[in-house]
Amino acid sequence: MMRLHLPWRTVRGRLLMAALLVEMVMLALLVGNSLRLLHDAMGDQAREQADQIAPVLSAALVAPLAQYDYATVQAVLDESHAIHGIEYLAVTDASGEVVATSGWPTGKALPPVTGDFNLDGDNNPPRYDMALPIRQSGQTLGNLQFGLDLTRILVARKQLVTQGVLIALSELLLSAGLLTLLGLLITRQLSVLTTASLRVAQGQLTMAPVPEGQDDVGRLGAAFNVMSSAIAERVEQLTRANQETADIAASLQERNRELALSHAQLSAENAIRLQTQQELEQALQRVGDRNEQLNAIFELSPDGFVAFDSQQRVKYANPAFHRLTGLSASEVVGLDEACFSERLAQACQPKARFPGLAALLEPPNTGRGTGHGSRHQIELAAPIHRVLQVALRESAAESVSQILYLRDVTHETEVDRMKSEFLSHAAHELRTPMVSIFGYTELMLHMPFKEDKRKEVLGIIYRQSELMIAIINELLDLVRIEERRGQDFDFQPVDADALTRQVVVDFGVPTGRQSPSMPATTGPLWVRADRKKLMQAVRNIVSNAYKYSPEGGDVIVSLLPSHADQPGRLGIRVRDEGLGMTPEQVSRVFERFYRADTSGQIPGTGLGMSLVKEIIELHGGTVEVHSEVGQGTEVTLWVPVTTGPAPALPLTAA
């Protein structure tokens with residue numbers, strides 16, 4: 001009798017549910033991302049429309065507002081309100097009183113202007129409000145406030161959500177059918193599955209093509225272009241009308257000035273000129289203060305900046321640029337764009353040269369410039385090696401055409417390189433014992449062994465497992481020490497003599513070898529240390545002394561007083577009469593996973609000396625290594641000395 005399985009207990013059912021779950025997540029992400037992109041694009045569209053309309057309206061309102069011709073102001077607002085997409089317009093004078101509105105109820109307070117683009121606000125219909133001052137000759141005549149109707153944008157977003165959900169549901173239904181059919185074919189054709197599995201095991205992977213649906217973003221872009229053309233045409237019409245109005249106003253002012261120029265008018269005009277001059281002086285003072293602030297920022301910034309004038313020549317380079325590149329002001333100021341690019345490229349290494357200013361204006365994956373450009377990394381060859389991140393920003397100012405930005409990322413680059421090397425070494429060292437464990441385990445599973453052979457294989461597996469555990473423990477110690485940087489160290493006065501003697505007594509000496517010898521001292525020698533960590537470091541170098549002297553010989557542990565080269569420090573020295581090392585091996589002894597023994601006969605992980613160095617440096621000390629091939633090795637740990645703990649007060653009778 002065939003046993004029935006619930007759908008989620010079969011391979012076909014699990015495959016179907018897993019695939020549908022993944023597809024639902026991906027479709028949700030796709031729809032959500034489309035809504036975000038649409039919201040950003042619509043926000044940019046609304047802001048661009050507002051930025052195009054605002055200057056034109058402001059220019060059209062300057063003359064009538066200056067003459068208190070509020071009828072003309074009202075006429076301009078009514079004509080502008082006829083533009084499709086503008087919900088209301090309002091003008092207030094310098095005192096904040098509303099002088100003209102169009103599309104907004106009279107007497108009702110104007111809405112606050114936040115500058116945020118929000119389709120889910122309380123406004124019905126949704127609206128994008130904007131306000132800007134109306135100025136003439138530096139004097140604020142009033143303010144213009146208007147709101148753009150976002151109803152069409154909201155409708156477009158709802159249509160996108162509806163269509164996206166329908167498409168997602170259709171996709172899920174179609175995928176469910178196809179996956180169900182595929183599951184039936186897979187479960188009924190075991191021979192085909194076996195052949196496919198063998199091909200996959202051999203690396204012959206294939207993927208069926210996925211058809212793409214219609215792109216709604218493309219239609220939105222076409223609609224945006226049509227709307228932009230319509231706005232541009234309307235702005236051009238308003239500009240011509242504004243120019244004609246300005247010409248008429250200028251003609252009337254000239255005639256009035258010629259017909260009647262009285263003493264009172266002259267006095268009023270002089271007062272206005274005096275006020276304007278004072279405002280201009282205040283504005284110049286503010287500009288001067290801002291320039292001083294910017295100069296101070298550029299002078300103190302750790303990042304380099306190079307400014308180019310309107311002729312594309314170097315106008316200014318801050319001190320950080322000269323410090324990072326080694327190029328003086330006389331070498332770069334006045335150079336044109338091509339000469340500057342060539343001069344900076346010459347200071348770079350051939351593998352990472354400066355690509356030129358023109359290349360920085362090309363964003364990634366596009367062939368057009370946007371004014372912001374992309375970021376590149378260059379490497380300087382002199383005076384010292386540095387990795388710099390460079391970017392170029394175009395400027396709309398008349399005196400500055402573009403600004404080159406340089407940031408020192410040498411440390412970040414070196415850290416990334418060191419992390420990659422560390423992970424590569426760790427994976428390699430862990431893979432070696434794992435291969436042995438896996439291989440011998442597989443042999444024991446598939447082949448019969450005699451009892452003595454079985455014990456030998458289990459011994460190999462046990463030793464390789466111990467090696468893996470040692471590597472992992474030392475890796476964890478290194479990671480914890482590097483992450484906490486000594487924050488979990490408990491620094492106290494520690495008797496270095498008592499600590500070292502305890503290590504010597506507790507150390508498990510190999511069979512047939514003598515315990516380390518240690519000369520007697522006159523009393524306690526106090527150092528500032530974390531007792532457990534310092535014992536771990538001393539134990540590591542004692543263990544290395546025995547491992548790297550397999551032929552025997554004495555191991556001597558001694559304490560050294562501070563001297564001129566190590567002031568304020570006490571030395572813990574361990575000397576052996578073992579294999580010794582070459583100068584090249586000594587220079588690499590603190591590298592992680594580096595082992596001087598290449599024969600593989602001496603056990604170890606290659607992390608012990610790295611761990612010792614980290615511990616001693618976090619104590620504020622140093623590690624010295626002296627070695628000679630065939631003569632042995634001498635390792636000294638220099639640790640800061642300190643005063644001993646205060647003695648306990650004796651008890652006295654009452």
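Visitor: Which residues are buried in H13?

Guide: In H13, the buried residues are Ala 496, Asp 497, Leu 499, Thr 500, Val 503 and Val 504. Because they cover an arc of only 165 degrees around the axis, they lie on the same side of H13. Please keep in mind that this is a predicted model.

Visitor: Which exposed residues does the face of H13 turned away from its buried side carry?

Guide: That face carries Val 505 and Asp 506, both exposed. The buried residues of H13, in turn, are covered by elements that include strand S10 (492-495), S11, H14, strand S12 (556-560) and strand S13 (569-575).

Visitor: Which residues of helix H9 are buried, and which are exposed on its other side?

Guide: One reads helix H9 (residues 337-346) in the same way. Phe 340, Ser 341, Leu 344 and Ala 345 are buried there. Seen down the axis of H9, these buried residues fall within an arc of 130 degrees, so they line one face of the helix. Ala 338 and Gln 346 are exposed on the other side of H9.

Visitor: What do the buried residues of H9 pack against?

Guide: They pack against S5, S6, helix H7 (319-325), helix H8 (329-332), helix H10 (357-360) and strand S9 (402-408). A residue is called buried when its relative accessible area is under 20%. Val 332 has a relative accessible area of 0% and is therefore buried.

Visitor: With which residues is Val 332 in contact, leaving aside its neighbours within four places in sequence?

Guide: Val 332 is in contact with Val 314, Ala 317, Phe 321, His 322, Leu 327 and Phe 340.

Visitor: How many Å should the twelve residues of helix H2 span, and how far apart are its end C-alpha atoms?

Guide: At 1.5 Å a residue, the twelve residues of helix H2 (residues 70-81) should span 16 Å, and the end C-alpha atoms are 16 Å apart, which agrees. The buried residues of H2 are Val 73, Val 76, Leu 77 and Ser 80. They cover an arc of only 100 degrees around the axis, so they are on the same side of H2.

Visitor: At what angle do the axes of helix H14 and helix H16 cross, and how close do they come?

Guide: A pair of helices is read through its axes, and then through its contacts. The axes of helix H14 (residues 531-547) and helix H16 (residues 608-618) come within 9 Å and cross at roughly 145 degrees. This crossing of H14 and H16 is left-handed. On the H14 side, the residues that meet H16 are Lys 533, Leu 534, Gln 536, Ala 537, Asn 540, Ile 541 and Asn 544. Their partners in H16 are Gly 608, Met 609, Leu 611, Val 612, Ile 615 and Ile 616. By class, this contact has eight nonpolar, four polar and one charged residues.

Visitor: Where is Pro 519 found?

Guide: Pro 519 is found in the loop between helix H13 (496-506) and strand S11 (526-529). Its relative accessibility is 47%, so Pro 519 counts as partly exposed. Leaving aside its neighbours within four places in sequence, Pro 519 is in contact with Arg 501, Val 557 and Ser 558. The C-alpha atoms of Pro 519 and Ile 556 are separated by 8.5 Å, with the two residues 37 residues apart along the chain.

Visitor: Where are Tyr 68 and Gln 312 found?

Guide: Tyr 68 is in the loop between helix H1 (11-66) and H2. Its phi is near 60 degrees, a positive value in a residue other than glycine. With a relative accessible area of 61%, Tyr 68 is exposed. Gln 312 lies in the loop between strand S5 (304-308) and strand S6 (314-317). Phi of Gln 312 is near 65 degrees, again a positive value in a residue other than glycine. At 28% relative accessibility, Gln 312 counts as partly exposed.

Visitor: How many helices and strands does the protein have?

Guide: The protein has 16 helices and 15 strands. Of its 654 residues, 33% count as buried. Among the contacts with a separation of 6 or more, 60% are accounted for by residues 24 or more positions apart.

Methods: Residues are numbered from 1 along each chain as its sequence is written. This is a predicted model: local features need pLDDT of at least 70, side-chain atom pairs count only at pLDDT 80 or more; totals for chains, interfaces and linings use all residues. Side-chain values use heavy atoms; hydrogens and water are left out. Helices (H or I, at least four residues) and strands (E, at least two) are DSSP runs, numbered from the N terminus. The expected span of a helix is 1.5 Å times one less than its number of residues. Buried means under 20% relative accessible area, exposed over 50%, partly exposed in between (1.4 Å probe, protein chains only). The arc is that of the directions from the helix axis to the C-beta atoms. Axes are lines fitted to C-alpha atoms, for helices over the stretch in contact, and angles run from 0 to 180 degrees between N-to-C directions. A crossing is left-handed if the near helix is turned anticlockwise from the far one by less than a right angle, and right-handed if clockwise. Contact means heavy atoms within 4.5 Å. Ala, Val, Leu, Ile, Met, Phe, Trp, Tyr, Cys and Pro count as nonpolar, Asp, Glu, Lys and Arg as charged, and the others, Gly among them, as polar.
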